[in-house]
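User: Can you walk me through this one? I'd like the fold first, then the aromatic rings.

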Amino acid sequence: MVRLAIRKTVDTPAICPGATTRFNVFVDNNSAVTVRVTLKDILPPELIFDDAVAGDFTFGSQVGQEITFNDLDIPAGATRSVSFRVRASESCLGAVENKAVASGVFTSPCLREPATAQTDTARAT
C-alpha cells in the first residue's frame, strides 16, 4: 500500500500587508516502496508567490494561485521538503489559509496498474 503524509509550517504566522514569510512543506513516504510524488500549493488570493524556493522539490510552474513543484521520487520511509516565500497583498487583513496537496504513484513491471497514494492535504493559517 502506498501512503503519504504531509505537514506544513509557516515561519512568521502574522505579517503585515506587503511583508513576506516562508512556508515549509514536508512530505513523508510511509510506504515500503519508493513513490513518485506530485506536490501542489494553492495560495489564497491574499498571498502572492514570491519565489525563493529551497529544498528537495523544485519549482515547476504557476497557474493563477496554484504552485506546482516538479515530481520527486521519495524513498520508502524518507521525508522530502520544500520551502518558499510569499508576500501578503495590500488587501491581506486577518487570517488566511494556505493549502498544500501531495499525491503519489508507485509503478513496477510486476503491477498491471500503478499503485496510487491517497492524496493528503496540509494547511497553514
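**Strands and rings**

Analyst: This is a predicted model. The chain has 11 strands and zero helices.

User: How much of the chain is buried?
Analyst: Buried residues are 35% of the 125 in the chain.

User: And what about the contacts?
Analyst: Take the contacts with a separation of 6 or more: 70% of them join residues 24 or more positions apart.

User: On to the rings. How many aromatic pairs are there?
Analyst: The count is four aromatic pairs. One of them is Phe-23 with Phe-84. Their ring centres are 6.0 Å apart and the planes meet at 40°, so the pair is tilted.

User: Where do Phe-23 and Phe-84 lie?
Analyst: Phe-23 is in strand β2 (residues 20-29) and Phe-84 in strand β8 (residues 79-88), so the pair ties together parts 61 residues apart in sequence.

User: Are those two buried or exposed?
Analyst: Phe-23 and Phe-84 are both buried.

User: Why is the pair Phe-49 and Phe-59 stacked?
Analyst: Their planes are at 15°, and stacked requires under 30 degrees. The centres lie 5.4 Å apart. Phe-49 sits in strand β4 (residues 47-49) and Phe-59 in strand β6 (residues 59-63), 10 residues apart.

User: How accessible are they?
Analyst: Phe-49 has 13% relative accessibility and counts as buried. Phe-59 has 34% and is partly exposed.

User: Which residues form the aromatic cluster?
Analyst: Phe-23, Phe-49, Phe-59, Phe-69 and Phe-84 form one cluster.

User: What lies over the face of Phe-23?
Analyst: Lys-8 does, 4.9 Å from the ring centre.

Note on methods
Residues numbered from 1 in each chain as written. Predicted model: local features only at pLDDT ≥ 70, side-chain atom pairs only at ≥ 80, totals over all residues. Heavy atoms only, no water. Helix = DSSP H or I, 4+ residues; strand = E, 2+ residues; numbered from the N terminus. Buried < 20%, exposed > 50% of the residue type's maximum accessible area, 1.4 Å probe, protein only. Contact = heavy atoms within 4.5 Å. Phe/Tyr/Trp six-rings, centres within 6.5 Å; stacked < 30°, edge-to-face > 60°. Lys NZ or Arg CZ within 6 Å of the ring centre and 35° of its normal.
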